[in-house]
Amino acid sequence: MSKGQEQINLAQIRKAIPESLFKKSESRFLVSVAQAISTTALLAYIGYRFIPLTWYALPIWIVFDFLLGTVAMGIWVLGHECGHSAFSDNKLWNDILGYFLHEILLVPYFSWQHSHALHHAKTNHLTEGETFCPVVLNSKMGKIYQKTKDIIGIESFSIVQIFNVTVLGWPLYLLLGVTGGPSRGFTSHFIVPNKLFPSRMLLKVSLSNIGLCFVIFGLYKWAQATSFAEVMALYIGPYLVVNMWLTIITFLQHTDINVPHYDSTSWNWLKGALSTIDRNYPAWIDSLHFEIGTTHVLHHVFSELPHYNANEANLYFKKAIGDLYHSDEKPLLTSLYQSASLVGVEHKGDGVWFYSKE
């Protein structure tokens with residue numbers, strides 16, 4: 001697909017979706033923000049009011065924190081939309097709201113906005129992509145992964161990979177650039193300059209770090225005024241669940257045996273954007289997360305399209321791209337297990353790479 005053909009095809013896809021669905025309504029977006037924050041706050045209050053902070057109540061707190069973190073993930077999704085300028089046509093308003101929504105969840109807003117823009121710009125590029133870039137099966141790391149899988153078995157390998165993704169994935173990505181683009185090597189969202197963040201990003205990275213410091217200081221004062229147990233139960237536990245969801249969503253959208261990756265000889269933007277996959281999330285989770293997991297292919301092609309129009313736009317979008325649309329109807333946990341069992345990609349010819357079935 002040449003650059004001219006890509007532009008024509010992208011224009012055709014855009015034309016198939018009613019222009020009204022691309023229009024942004026700040027008031028409608030703020031309704032979603034109010035919904036996400038109020039439901040999170042209400043659920044947190046219920047836990048604070050009715051669940052005792054005792055070891056005997058630990059099993060209850062684990063279930064509660066899973067629910068609270070799942071609800072709070074909606075706040076993260078809306079901050080993510082602001083990073084794509086899907087809230088307003090005014091960039092400043094997007095950044096003000098996005099900064100607030102993400103920093104309260106310990107996300108370095110401007111730093112993440114930059115790395116995430118690169119993720120969208122180089123989606124499924126084998127070496128220049130950003131976030132959950134696959135290892136090549138016959139590379140040194142690929143051979144280590146395959147050997148480990150052969151020794152411990154597919155079940156244990158999948159469980160370890162799920163742990164790595166859901167627990168370690170987000171902090172290691174922010175701190176060290178783990179699963180980031182191979183062409184950039186070590187990167188950090190907190191230090192400038194590096195291969196991901198050039199010197200011109202110093203101010204924005206610093207603003208992101210300052211926001212995190214204020215939130216961490218607030219958590220310290222909260223723990224000092226009450227107890228660490230309360231902060232753990234009402235913030236840190238749910239925070240870990242939010243991290244779990246955002247890494248699951250990203251991992252599953254870009255890791256599948258049927259979704260191709262491309263090297264520099266064959267990659268272009270539209271190929272990469274369409275090489276993502278929508279998953280089968282439980283309806284209640286999908287609703288709380290504003291359908292980010294079931295309209296993700298659309299999002300990669302038109303990231304500025306607001307979430308409240310995504311379901312309707314997705315109907316036109318799927319019809320327009322036909323067989324190029326990827327989706328998976330298996331239960332979510334089955335998809336997660338199967339994707340976690342994959343080791344690396346191998347070349348299938350013409351610059352196209354797929355995960356190996358072994």
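**Exercise 1. Aromatic pairs**

How many aromatic pairs does the count come to? Characterise the pair of Phe29 and Phe87.

*Solution.* 
Step 1. This is a predicted model. The count comes to 12 aromatic pairs.
Step 2. One of them joins Phe29 and Phe87, with 5.1 Å centre to centre and 50° between the planes. Planes under 30 degrees apart would be stacked, and over 60 edge-to-face. The pair of Phe29 and Phe87 is therefore tilted.
Step 3. Phe29 belongs to helix α2 (residues 26-50), while Phe87 is in the loop between α3 (58-83) and α4 (91-103). The pair therefore ties together parts 58 residues apart in sequence.
Step 4. Check burial. Phe29 and Phe87 are both buried.
Step 5. Turn to Tyr45 and Tyr48. Their ring centres are 6.5 Å apart and their planes stand at 40°, so this pair is tilted. Tyr45 and Tyr48 are three residues apart in helix α2, which means a separation of about one helical turn. Tyr45 is partly exposed, at 46% relative accessible area.
Step 6. Look for a cluster. Tyr99, Tyr109 and Phe110 are linked into one by ring pairs.

**Exercise 2. Salt bridges**

*Solution.* 
Step 1. Side chains of opposite charge can pair when their charged atoms come close.
Step 2. Take Arg14 and Glu19. Their closest N and O atoms are 2.9 Å apart. The cut-off is 4 Å, so the pair qualifies. Arg14 is partly exposed at 27% relative accessibility, and Glu19 is partly exposed at 45%.
Step 3. Take Asp256 and Arg279. Their salt bridge has an N to O distance of 3.2 Å. Asp256 lies in the loop between α9 (228-254) and β1 (261-262), and Arg279 in the loop between α10 (269-274) and α11 (283-288). The bridge therefore ties together parts 23 residues apart in sequence. Asp256 and Arg279 are buried.
Step 4. Take Glu346 and Lys348. The N to O distance in this salt bridge is 3.1 Å. Glu346 is partly exposed at 27% relative accessibility, whereas Lys348 is exposed at 52%.
Step 5. Trace shared partners. Asp256, Arg279, Asp328 and Lys330 are joined into one network.

**Exercise 3. Charges over rings**

Which rings do Arg14 and Arg49 lie over?

*Solution.* 
Step 1. The charged end of Arg14 sits over the ring of Phe22, 3.6 Å from its centre.
Step 2. Arg49 lies over the face of Phe50, 5.4 Å from the ring centre.

**Exercise 4. Nonpolar cores**

Which residues touch the most other members of the largest nonpolar core?

*Solution.* 
Step 1. This core holds 46 residues, and the answer is Phe29, Met73, Trp76, Trp170, Trp245 and Tyr281.
Step 2. List the suppliers. Helices giving at least two residues each include α2, α3, α7 (154-176) and α8 (202-225). The largest share, 12 residues, comes from α9.
Step 3. Look elsewhere. Another core, of 17 residues, lies apart, with Ile13, Leu270, Val297 and Ile321 among its members.

**Exercise 5. Confidence**

Where is the pLDDT below 50?

*Solution.* 
Step 1. The chain has a mean pLDDT of 96, with 98% of its residues at 70 or more.
Step 2. The pLDDT is below 50 over residues 1-7. This stretch has seven contacts in the model beyond near neighbours in sequence.
Step 3. Where pLDDT is low, the predicted coordinates should not be read in detail.

Terms used: Residues numbered from 1 in each chain as written. Predicted model: local features only at pLDDT ≥ 70, side-chain atom pairs only at ≥ 80, totals over all residues. Heavy atoms only, no water. Salt bridge = Lys/Arg side-chain N within 4 Å of Asp/Glu carboxyl O. Buried < 20%, exposed > 50% of the residue type's maximum accessible area, 1.4 Å probe, protein only. Helix = DSSP H or I, 4+ residues; strand = E, 2+ residues; numbered from the N terminus. Phe/Tyr/Trp six-rings, centres within 6.5 Å; stacked < 30°, edge-to-face > 60°. Lys NZ or Arg CZ within 6 Å of the ring centre and 35° of its normal. pLDDT = per-residue confidence, 0-100. Contact = heavy atoms within 4.5 Å. Core = buried A, V, L, I, M, F, W, Y, C linked by side-chain atoms within 4.5 Å.
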